[in-house]
Amino acid sequence: MRKDISQKNYLDNPVRIADLINGFHFHGLPFVKAEDIQRDDSQIPVMKDDVPDSLFSHDLIRKIINGTSYWFLGLENQDSIDYSMVIRTLICIANGYYQQVRRLSQAHRAAKDLPSKTFTSRIAKEDLLIPITVLVLYFGKEPWDAALSLHDLLDFSGVPRELRHVFADYQMHVLDVRRYQETRHFHSDLRLLFGFLQADHDQKLLKNFIADNTAEFSRLPSDLYSVLRQLSGIRNMKPIDELTKKKGMINMCKALDDMVHDAEENTTNKIIAEISDTFSEIIPDIQNKLAKNRDGQTTSAVFTGIIQDIRNQYLEKQDEFEEERQSFENQRQDFENQRQELLSRIRELESQSSFPAS
């Protein structure tokens, strides 16, 4: 649920919606502008109460102005594959058209302007419906393998091939975020969202992507950071309320430094906890051995054996700690290299933005 909310909040932005439409449908050409995206609840199709909301409710529905007319866009966020998605979006579109017919019918009934011969049709011959389309944004880690059209979902085994064309088809639009290769067509921070999620499975790939976009990641919008944290699953990314924001922006480079610091602290705490656990196990062992000393051994001999046991356990733990230390050192060095690259890139950008005095 929290993922869904952060995605809705991020996408509820005219600049991003326009960029999404232009990037996906028009190869980046600016056919749709941010001011063309409107929230007009009075014109958005209202869903019937007797149909379950889960079948057709969209995360966002917006009116897109095109000259003197407009069309509707429904955005649906998906984190997992839904093999009934074609039907869900088809129901939503069909219901949207039905609601338009219903409203037109109500208007004609109120105006009493339908000729008697067309009264049963509920709308006039001149009435036209506003187009509706749905775009599914799929953020899942597995490739989308569900049907993309109604025909993909139909069993045509009992239908002659020559007759298949008489069955209406419907083509669904799915944007597979983690595998979409045309991110260069985006001109907003959608490019950062797509690029980050496409690289989050590979530390080196992600480091390079952030380094290549240092300026943008140094002033990341907070709603974008929230989406990245929720969708990427990177455990060390702090909740947004624990980060210092400057004018609503997040310094992702600073966040990386914080991740390194937290990793160091977590490793130290883990080592201390393991040492504490070791000695908490040894103390009862000492008490048991002293209590069971029935063969005339001196207390000194008992403690000598116990000390030898402790030494053996210590040596085993020392080997484990050394492996942990080396692993952490490797991670710390990777983060440090990444931090230095980012700082170098920032200085480079700052030097490029400075101009000599005239």
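Skip the neighbours within four places in sequence, and glycine 140 is in contact with Gln78, Asp79, Arg178 and Arg179. Keep in mind that this is a predicted model. Glycine 140 sits in the loop between β4 (132-138) and α4. Its relative accessible area is 3%, under the 20% cut-off, so glycine 140 counts as buried. Aspartate 176 is 36 residues away from glycine 140 in sequence, yet the two C-alpha atoms are 7.9 Å apart in space.

Now for the rings. How many aromatic pairs does a search of the whole structure find? The search turns up 10. Take phenylalanine 156 and phenylalanine 167: their ring centres are 5.8 Å apart and their planes meet at 70°, so this pair is edge-to-face. Both partners lie in the loop between α4 (150-153) and β5 (173-176), 11 residues apart. Is phenylalanine 156 buried or exposed? With a relative accessible area of 11%, phenylalanine 156 is buried. Phenylalanine 167, at 36% relative accessibility, counts as partly exposed.

Phenylalanine 209 and phenylalanine 217 give another edge-to-face pair, with 5.9 Å from centre to centre and 80° between the planes. Here both phenylalanine 209 and phenylalanine 217 are buried. Elsewhere, ring pairs join Phe24, Tyr180, Phe186 and Phe194 into a cluster. A charge meets a ring as well: lysine 63 lies over the face of tyrosine 70, 4.6 Å from the ring centre.

On to helix packing. Two packed helices are described by the angle between their axes and the distance between the axes. For helix α5 (residues 190-199) and helix α6 (residues 203-212), the angle is about 160° and the axes are 8 Å apart. Angles over 145 degrees count as roughly antiparallel, so that is the label for α5 and α6. Which residues of the two helices make the contact? On the α5 side they are Arg191, Leu192, Gly195, Phe196, Gln198 and Ala199, and on the α6 side Leu205, Leu206, Phe209 and Ile210. Sorted by class, this contact has 7 nonpolar, 2 polar and 1 charged residues.

The last stop is helix α8 (residues 222-232), where the buried residues include Leu224, Tyr225, Val227, Leu228 and Leu231. Gln230 and Ser232 of α8 are buried too. Just after α8 comes glycine 233, which takes a positive phi of about 75°.

Definitions and conventions: Residues are numbered from 1 along each chain as its sequence is written. This is a predicted model: local features need pLDDT of at least 70, side-chain atom pairs count only at pLDDT 80 or more; totals for chains, interfaces and linings use all residues. Side-chain values use heavy atoms; hydrogens and water are left out. Rings of Phe, Tyr and Trp (its six-membered ring) pair if their centres lie within 6.5 Å; planes under 30 degrees apart count as stacked, over 60 as edge-to-face and the rest as tilted. Helices (H or I, at least four residues) and strands (E, at least two) are DSSP runs, numbered from the N terminus. Buried means under 20% relative accessible area, exposed over 50%, partly exposed in between (1.4 Å probe, protein chains only). A charge sits over a ring if NZ of Lys or CZ of Arg is within 6 Å of the ring centre and within 35 degrees of the ring normal. Axes are lines fitted to C-alpha atoms, for helices over the stretch in contact, and angles run from 0 to 180 degrees between N-to-C directions. Angles under 35 degrees count as roughly parallel, over 145 as roughly antiparallel, 65 to 115 as roughly perpendicular and the rest as oblique. Contact means heavy atoms within 4.5 Å. Ala, Val, Leu, Ile, Met, Phe, Trp, Tyr, Cys and Pro count as nonpolar, Asp, Glu, Lys and Arg as charged, and the others, Gly among them, as polar.
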